[in-house]
Amino acid sequence: MSTPDVPTRGPARPGPYIAAGILLAIAILVPLFVPLYSIDKPRFGGMPFFYWYQMLWVPITAGMIGIAYWLVTKEDRRRREAARGPRTEEQEQ
């Protein structure tokens, strides 16, 4: 049971949140920099560079978002466990 006096999470470490923010910023900002890919060549399967470059960013962005989610949920799980305190063998059974 949670009350205002009992914390539900331990102190946060900034590292995982900073790393997740950097990954998300890269996934958002790099595709927005259009002069980087507004060229026709090299072609891949007859497709101009500006098409296949954007399509390449779809799985890259999905991977970055997945890693960011994993970092944040792992840190949140650690913080929740830190607030509960160490578990004894009797509590685990």
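Colleague: Leaving aside its neighbours within four places in sequence, which residues is leucine 23 in contact with?

Modeller: A contact means heavy atoms within 4.5 Å, and by that rule leucine 23 touches Met64, Ile67, Ala68 and Leu71 once the neighbours within four places in sequence are set aside. Please keep in mind that this is a predicted model, in which local features need pLDDT of at least 70 and side-chain atom pairs count only at pLDDT 80 or more, while totals for chains, interfaces and linings use all residues. Residues are numbered from 1 along each chain as its sequence is written, and side-chain values use heavy atoms, with hydrogens and water left out.

Colleague: How many helices and strands are there in the protein?

Modeller: Helices are DSSP runs of H or I with at least four residues, strands are runs of E with at least two, and both are numbered from the N terminus. Here the protein has 3 helices and 0 strands, which gives the pattern α-α-α when read along the sequence. Among contacts between residues at least 6 apart in sequence, 65% join residues at least 24 apart.

Colleague: Which residues make up the largest nonpolar core?

Modeller: In soluble globular proteins, nonpolar side chains tend to be buried together. A nonpolar core is a set of buried Ala, Val, Leu, Ile, Met, Phe, Trp, Tyr and Cys residues joined through side-chain atoms within 4.5 Å, where buried means under 20% relative accessible area, exposed means over 50%, and partly exposed lies in between (1.4 Å probe, protein chains only). The largest core in this model has 7 residues, namely Leu23, Ala27, Tyr37, Phe49, Tyr53, Trp57 and Met64. Helices α1 and α2 each supply at least two residues of this core, and α2 gives the most, with 4 residues. Over the whole protein, 17% of the 93 residues count as buried.

Colleague: How many salt bridges does a search of the whole structure find?

Modeller: A salt bridge is a side-chain nitrogen of Lys or Arg within 4 Å of a carboxyl oxygen of Asp or Glu, and the search finds 4 of them. In one of these, arginine 13 pairs with glutamate 75, the closest N and O atoms being 3.0 Å apart. Arginine 13 lies in the segment before α1 (14-32) and glutamate 75 in helix α2 (residues 49-84), so the pair ties together parts that are 62 residues apart in sequence. Arginine 13 is partly exposed at 45% relative accessibility, whereas glutamate 75 is buried at 2%. Arg13, Glu75 and Arg78 are linked in a network of salt bridges.

Colleague: What separates aspartate 76 and arginine 80 in helix α2?

Modeller: Aspartate 76 and arginine 80 form a salt bridge whose closest N and O atoms are 3.0 Å apart, and, being 4 residues apart in helix α2, they are separated by about one helical turn. Arginine 80 is partly exposed, at 32% relative accessibility.

Colleague: Which residues make the nonpolar surface patch?

Modeller: Nonpolar patches join Val, Leu, Ile, Met, Phe, Trp or Tyr side chains within 5 Å, using residues with over 30% relative accessible area and no salt bridge, whereas like charges are joined within 9 Å. Leu24, Ile28, Leu29, Leu32 and Ile65 make a nonpolar patch of about 490 Å², with accessible areas coming from the Shrake-Rupley method with a 1.4 Å probe and, for residues, only the protein chains shown counting as cover. The largest share of the patch, 4 residues, comes from α1. Leucine 29 lies in that helix and is exposed, with a relative accessible area of 52%.
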